[in-house]
Amino acid sequence: FFFTQKTAYAMLRSLVGSEMCIRDSLNLQAEEIKRITVGNKDAKITIIAFESLTCSHCANFHKNVYPQLKEEYLDTGLAKIEFRHFPLDIAAFNASKVSQCKNDGNSDILESLYANQQKWVKGSSIQEANKNLQKFLKSEGFSIDFDTCINNKEIEDFVLNDRIDGAKNFKVNATPTIIINNEKFEKTLNYKNLKKALEKLI
């Protein structure tokens with residue numbers, strides 16, 4: 001979509017420079033921006049989902065796996081999930097910034113973007129993609145200042161730091177990638193396999 005993954009990654013990296021520079025400069029901003037999290041914050045099980053908002057497999061995860069996961073583990077207090085950003089193209093990068101824009105830790109915008117991915121993931125240029133994304137958000141009733149949001153440097157750094165952290169610490173190279181209590185989930189991502197892994201930790 002718009003760019004190859006290799007080109008998109010190079011563009012994302014060029015925005016921020018070296019990994020060391022990012023990690024040195026983003027500790028404060030990371031504390032100021034609230035992670036999108038669902039579930040009991042004190043749960044024994046922590047699930048981390050590295051995702052790209054233009055990724056169809058990520059949308060399928062939210063449609064086919066996440067509802068059961070939420071019902072059986074998140075809503076019951078057994079686990080929590082942290083949604084982390086691993087944008088594979090510039091459209092996903094901007095959508096990630098939008099999902100963090102309200103800075104309230106709420107997943108409503110994120111969930112809506114995945115549930116309606118085909119409505120906004122379209123266009124032949126980033127300008128057209130932004131226009132479609134902005135139009136979609138307005139149609140869904142999300143009141144955010146789009147231009148201010150996608151140009152917010154703190155949110156931008158937060159999103160990029162997620163991506164670099166995922167690649168460096170968890171060897172993330174595709175989306176979605178699931179981490180359970182700091183261990184990478186290596187099996188086919190369906191609810192049956194995920195449930196088996198979670199039950200071992202309860």
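Modeller: A salt bridge is counted here when a side-chain nitrogen of Lys or Arg lies within 4 Å of a carboxyl oxygen of Asp or Glu. As background, side chains of opposite charge can pair when their charged atoms come close. The model is a predicted one, in which local features need pLDDT of at least 70 and side-chain atom pairs count only at pLDDT 80 or more, while totals for chains, interfaces and linings use all residues. Residues are numbered from 1 along each chain as its sequence is written, and the side-chain values rest on heavy atoms, with hydrogens and water left out.

By that count the structure holds seven salt bridges, and I will go through some of them. One is formed by Asp165 and Arg84, whose closest N and O atoms are 3.8 Å apart. This pair links distant parts of the chain, since Asp165 belongs to helix α11 and Arg84 to strand β3 (residues 79-85), 81 residues apart; helices (H or I, at least four residues) and strands (E, at least two) are DSSP runs numbered from the N terminus. To say how far such residues are covered, I call a residue buried under 20% relative accessible area, exposed over 50%, and partly exposed in between, using a 1.4 Å probe and protein chains only. Asp165 has 15% relative accessibility and therefore counts as buried, and Arg84, at 14%, is buried as well.

Elsewhere, the side chains of Lys70 and Asp75 meet in a salt bridge at 3.0 Å, N to O, and here Lys70 is partly exposed, with 29% relative accessibility.

At 5% relative accessibility Val172 counts as buried. Leaving aside neighbours within four places in sequence, Val172 is in contact (heavy atoms within 4.5 Å) with Phe50, Phe86, Gly166, Ala167, Thr177 and Lys184. The C-alpha atoms of Val172 and Lys184 are separated by 8.9 Å, although the two residues are twelve apart along the chain.

These contacts bring us to the nonpolar cores, each of them a set of buried Ala, Val, Leu, Ile, Met, Phe, Trp, Tyr and Cys residues joined through side-chain atoms within 4.5 Å. The largest has 40 residues, and those with the most contacts inside it are Leu69, Ile81, Val98, Leu113 and Leu137. Apart from it lies another core, of seven residues, including Ile48, Phe50, Phe86 and Val172. Ile81, for its part, touches Ile36, Thr37, Val38, Ile47, Ala49, Tyr66, Leu69 and Leu74, when residues up to four places away in sequence are not counted.
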